[in-house]
Amino acid sequence: MKILVVEDHAMVREGLVRIIEGALPDADVRAVGTATEAKQHLDWAERVLLDLSLPDQHGLRFLEEIGVSHPDLPVIILTAYDEPAFRTRASEVGAAAFLSKNEPPEVLAAALADLQAPPDSGAHPRLERLSPTERQVLALFGQGLSNAEVAQQLGIEEKTVYTHRRHLMFKLGLRSAQDLLRFATLYHAGLD
């Protein structure tokens, strides 16, 4: 997998490269500090990890450009600005995921790895954006399981279930936990 990291802070950029290479040893990673530099590598990339705060262009504007020039290129937003307005806008312009820099490193590795799975062509368009793990979590929510029960069922920490829940809400365009539970119930019943 060819991953392009676009992060303006050198220390953070180097740390991201190390995390990715440690978690995904077969990954080929390139890292740049500006949108201008990133544009030279978009044809090469199979995944983009994009910071919102870049010195030459806002990440959301660059995400829009990528959506036009490379519509099939998955972009994961990784930012310190974990605000609902940014999440909503990133979802609207096609981000595959939105991660906070406060997340543990394994969440980033999982998000990148989950993007490798091919979409289910018979699925609802919103469901095609979900990773296999996110579909599992959605199905378990649809069965009426609590966060703790989902964590136990999947053998993960409850904190990780909360992260998956946020990603599900982002990708499905849902605004509340109640909306997610309603959607999950319909998904479980086959009415999505």
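How many helices and strands are there in the protein? There are nine helices and five strands, where helices (H or I, at least four residues) and strands (E, at least two) are DSSP runs numbered from the N terminus. Along the sequence they follow the pattern β-α-β-α-β-α-β-α-β-α-α-α-α-α. The radius of gyration, taken over C-alpha atoms, is 16 Å, close to the 16 Å that the globule rule gives for 192 residues, so the protein is as compact as a globular protein of that length. The globule rule is 2.2 Å times the number of residues to the power 0.38.

This is a predicted model, in which local features need pLDDT of at least 70, side-chain atom pairs count only at pLDDT 80 or more, and totals for chains, interfaces and linings use all residues. Residues are numbered from 1 along each chain as its sequence is written, and side-chain values use heavy atoms, with hydrogens and water left out.

The average pLDDT (the predictor's confidence in each residue, from 0 to 100) is 84, and 91% of the residues score at least 70. Over residues 117-123 pLDDT stays under 50. For this stretch the model has seven contacts (heavy atoms within 4.5 Å) beyond four places in sequence.

Overall values for the protein are as follows.

| Property | Value |
|---|---|
| Box filled by the C-alpha atoms, along the principal axes | roughly 45 × 30 × 30 Å |
| Accessible surface (Shrake-Rupley method, 1.4 Å probe) | about 9,700 Å² |
| Accessible surface belonging to carbon and sulfur atoms | 51% |

Of the 192 residues, 47% count as buried, meaning under 20% relative accessible area (1.4 Å probe, protein chains only). Among contacts with a separation of 6 or more, 60% are between residues 24 or more positions apart.

How values were computed: Buried < 20%, exposed > 50% of the residue type's maximum accessible area, 1.4 Å probe, protein only.
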